[in-house]
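Colleague: I am new to this structure and would like to go through it with you. Please show it, and I will ask as we go.

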Amino acid sequence: MKKTFLSYIFAPSFYVILWGALLAVVLMYFPEQKFAITTDGQILDIITYTGYALMLITMLCLKKDFRGKMLEWGIYFMLGIAALLREAGIQHHLTNSDTTPFKSRFFLNPNNPLSEKLIFGAVLLIIFGALLYIAVKYTKHLIVSFFKLETITWSIATFCSVLVFAKFADRFPSHWRHVHNNYISRDLIDMWSLLEESSEMFLPYLVIIIFLQYHLIKKKA
């Protein structure tokens with residue numbers, strides 16, 4: 001069992017199989033409810049928040065694995081909290097003058113207070129700075145280890161692929177409308193919403209897998 005869990009194909013298989021099964025169940029048995037189950041407080045939302053809670057608990061429990069790498073652990077934990085807050089929609093409640101302070105239009109709008117621009121600009125710089133630090137430090141290693149079929153790297157690649165796909169699914173209907181100057185059907189909008197929410201749901205669980213794999217590999221070494 002441990003050998004299977006530590007296989008480089010475990011994370012991608014975990015995602016593809018469970019995500020495919022979820023979509024199959026919804027589309028076969030609940031096709032008319034595919035949008036309803038993606039709304040706040042419904043089943044996908046509950047599973048997602050449960051995942052984030054378990055993810056943060058896992059990070060705290062395995063903190064000792066990062067002795068000598070506490071800065072990296074701190075960055076991962078900070079990004080985990082930021083992801084949870086974003087999932088909760090906190091960005092829509094931080095300012096009274098705009099819908100969200102984390103888009104370029106917020107900073108370009110002269111009606112938004114300078115103080116808010118400075119505060120939220122600093123938050124973005126901290127997050128992007130943390131991401132840049134991790135990217136600069138580990139990108140070369142990740143590229144090399146990917147072709148060596150290393151478990152953690154393939155799990156991280158799975159996480160990043162799911163994240164990119166979720167963002168693509170989120171933006172597709174609006175981009176389609178912008179490019180073609182017409183709306184896609186309500187049914188297709190619901191389908192893209194299902195694809196986005198169902199894929200995002202797995203992100204915290206993939207992080208849990210990565211941390212547990214790292215723990216077992218470190219323990220094994």
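Colleague: What share of the 221 residues of the chain counts as buried?

Modeller: This is a predicted model, in which local features need pLDDT of at least 70 and side-chain atom pairs count only at pLDDT 80 or more, while totals for chains, interfaces and linings use all residues. Residues are numbered from 1 along each chain as its sequence is written, and side-chain values use heavy atoms, with hydrogens and water left out. Buried means under 20% relative accessible area, exposed over 50%, and partly exposed in between, with a 1.4 Å probe and protein chains only. By that rule, the buried share of the 221 residues is 36%.

Colleague: How many helices and how many strands does the chain have?

Modeller: Helices (H or I, at least four residues) and strands (E, at least two) are DSSP runs, numbered from the N terminus. From that end on, the elements run α-α-α-α-α-α-α-α-α. The count is 9 helices and 0 strands.

Colleague: What does the C-alpha trace of the chain span along its principal axes?

Modeller: Contact means heavy atoms within 4.5 Å. Among contacts with a separation of 6 or more, 67% join residues 24 or more positions apart. Along the principal axes, the C-alpha trace spans about 55 × 50 × 30 Å.

Colleague: Which residues is Met55 in contact with, leaving aside neighbours within four places in sequence?

Modeller: Met55 lies in helix H3 and is buried, at 4% relative accessibility. Beyond its sequence neighbours, Met55 is in contact with Gly80, Pro204, Val207 and Ile208.

Colleague: And which residues does Thr48 contact, with the neighbours within four places left aside?

Modeller: Thr48 also lies in helix H3. Thr48 is buried, with a relative accessible area of 3%. Its contacts beyond those neighbours are Glu87, Met201 and Pro204.

Colleague: How are H6 and H7 oriented, roughly parallel or roughly perpendicular?

Modeller: Axes are lines fitted to C-alpha atoms, for helices over the stretch in contact, and angles run from 0 to 180 degrees between N-to-C directions. Angles under 35 degrees count as roughly parallel, over 145 as roughly antiparallel, 65 to 115 as roughly perpendicular and the rest as oblique. H6 (residues 114-147) and H7 pack at about 110 degrees, with axes 8 Å apart. H6 is therefore, relative to H7, roughly perpendicular.

Colleague: Which residues of H6 and H7 make the contact?

Modeller: The contact residues divide into 5 nonpolar, 2 polar and no charged. Here Ala, Val, Leu, Ile, Met, Phe, Trp, Tyr, Cys and Pro count as nonpolar, Asp, Glu, Lys and Arg as charged, and the others, Gly among them, as polar. They are Leu142, Ser145 and Phe146 of H6, with Thr153, Trp154, Ile156 and Ala157 of H7.

Colleague: How many residues apart in sequence are the parts that Asp187 and Lys34 tie together?

Modeller: A salt bridge is a side-chain nitrogen of Lys or Arg within 4 Å of a carboxyl oxygen of Asp or Glu, and the count comes to 5. Asp187 and Lys34 form one at 2.6 Å, N to O. Asp187 is partly exposed at 47%, whereas Lys34 is buried at 8%. Asp187 lies in H8 and Lys34 in the loop between H2 and H3 (43-61), so the separation of the parts they tie together, in residues, is 153.

Colleague: Is Glu200 buried or exposed?

Modeller: Glu200 meets Lys167 in a salt bridge of 3.1 Å, N to O. Lys167 is partly exposed, at 27%. Glu200 has 6% relative accessibility, so Glu200 counts as buried.
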